[in-house]
Amino acid sequence: EIRDVPGEITLAANGWGNTAAGITEGDDSITAIFGEIEVPVISDVPLIHNLIVNASARYTDVDSYGSDSTWKVGVNWELTPEVRVRASSGTSFRTPALYELYLANQTSFTGQRRVDPCIRWGTNLEDGSISQRLADNCAADGIAPDFTGAPISATIITGGGLGVLEAETSEANTIGIVWQPDFANLSVSADFFDIKIEDQVSQLGASTIVSACYNSDFFPTDPLCALFERRALDQGIDNIRDSYINVAEQRNRGWDLAATWVTDTPVGMLTLETQHTFQIEDTVALFEDTAQDFNGEVGEPKWTGRVSAALQNGAWSGAWVANIIGDASNYDSFGGNTVTLRGGREVRVVLDTDTVVYHNASVAYSFDNGATVRLGVSNIFDKEPPRLTTLNLGEVSTQGNSAFYSQYDWEGRTIFANLRWEM
């Protein structure tokens, strides 16, 4: 159950120009039954050294949603003691959380310049600070090229989705092969994955809703455009409904490759390890018939990886790790690599990133009492995030003149120390 009571002024909506909110209150009840079985099917026959099948199922009943069942089936097939094929298929679901269901309506306010991408779209197009698509959509909506924005703030309305939100559901399928030769302490694997999520519960944000509407290939029929309106009097953005919604579908497909080698050397036990993900699809559809594949764009590179080496000698150990973020590009989405500025001057825009590698190293000592002290350096070479064009083109996220994505390091070279004590 949940009960969240705002302060008196907020609850009474007496804070002019500030947030107003009601009491968020509700409860839910969940009952579930789960079962799992693993069966050794056959062994010691040609091409089947060992075959094991496991299966599981869960039935769940949720008061706010209803009931549903999920399942998973997996196969572990050893062709020989060195080669193994593994595969799995399964489903899952998650009902909306209490806060997502019962959040009482809240109102807040924001300036027009923070949410209206059509302000001075004519000048911004000439300056190359917005895309042609955004300008065309603003013009199609009847906004004048020299529109300076409305004087009255936009109202943002948020609330829970009881009776509206569906449960998140997903389906995951994987198949892979593992090689573990007997001549070395080596393991190599390759796995294909295909994951589809439907009806993910999400809150997009007011500025994202308006911006995505006007930058959409589906304008004006994109459902995001129905989540806000403009006032007839001054053409300002009015109520923006930023409540929790179900994202129609997300799909992610690709390959995971990994290898680990452990060997004894004159200076200690050496472990070499590498892991890589090669993404071949990253599709998001906020609503039906609005699917877009972001695979290979900035923030969603087709390749990410990790390479590490660790050496253990008695109580001492050391490690070196390289984290890899592959190159990415938004030129196809943007429709080129140039914009035309005021006066007809054409300039190149930077909407791509090269491969970035962050190097980290550490050394540790383990005491007999269970304590381990580690000292290290992250981002040894003080690598900066990639630089991108900072114009408001609706393509990339920037902070300053740098790519603003969680994959990139914003702290620079960092020295760290930690203590771990296992009792």
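What is the accessible surface of the protein chain, and what share of that surface belongs to carbon and sulfur atoms? In this predicted model, the accessible surface of the protein chain comes to about 23500 Å². Carbon and sulfur atoms account for 53% of that area.

The overall composition of the chain was examined next. The protein chain holds 7 helices and 27 strands. Along the principal axes, the C-alpha atoms fill a box of roughly 80 × 55 × 50 Å. Of the 423 residues in the protein chain, 34% are buried. As for charge, the protein chain carries 26 positive and 58 negative side chains. The centres of these two sets lie 7 Å apart.

The largest pocket was then described. The space in this pocket is about 1400 Å³, and its lining consists of 44 residues. Thr208, Ser211, Ala212, Gly394 and Glu395 are the lining residues that lie nearest the centre of the pocket. Several elements supply at least two lining residues each, namely helix 3 (112–115), helix 6 (206–214), strand 15 (268–285) and strand 16 (292–293). Helix 6 gives the most to the lining, with 4 residues.

Most residues other than glycine have a negative phi, and most peptide bonds are trans. The peptide bond from Phe219 to Pro220, however, is cis, with omega near 0 degrees. Pro220 is located in the loop between helix 6 and strand 12 (228–230). Asp44, a residue of strand 4 (residues 30–45), has a positive phi near 55 degrees. The relative accessible area of Asp44 is 61%, and Asp44 is therefore exposed, since the cut-off for that class is over 50%. Arg120 also has a positive phi, near 50 degrees. This arginine, Arg120, is found in the loop between helix 3 and helix 4 (121–127). With 37% relative accessibility, Arg120 counts as partly exposed, because this value falls between the limits of 20% and 50%.

Two further residues illustrate contacts across the sequence. Asn137 is placed in helix 5 (residues 132–140). Its relative accessible area is 10%, so Asn137 is buried, the limit being under 20%. When residues up to four places away in sequence are not counted, Asn137 touches Cys213, Tyr214, Asn215, Ser216 and Phe219.

Ala258 belongs to strand 14 (residues 245–265). At 26% relative accessibility, Ala258 counts as partly exposed. Leaving aside neighbours within four places in sequence, Ala258 is in contact with Ser187, Val188, Ser189, Thr274 and Gln275. Ala258 and Arg114 are 144 residues apart in sequence, and their C-alpha atoms are 45 Å apart in space.

Note on methods: Residues numbered from 1 in each chain as written. Predicted model: local features only at pLDDT ≥ 70, side-chain atom pairs only at ≥ 80, totals over all residues. Heavy atoms only, no water. Buried < 20%, exposed > 50% of the residue type's maximum accessible area, 1.4 Å probe, protein only. Areas by Shrake-Rupley, 256 points an atom, 1.4 Å probe, with all protein chains shown as cover. Lys, Arg positive; Asp, Glu negative; His and termini not counted. Charge placed at Lys NZ, Arg CZ, Asp CG, Glu CD. 1 Å grid on protein atoms, 1.4 Å probe; cavity = no way out; pocket = protein on both sides within 12 Å on 5 of 7 lines; lining within 4 Å. Points joined across faces, edges and corners; volume = space filled by probe spheres on them. Contact = heavy atoms within 4.5 Å.
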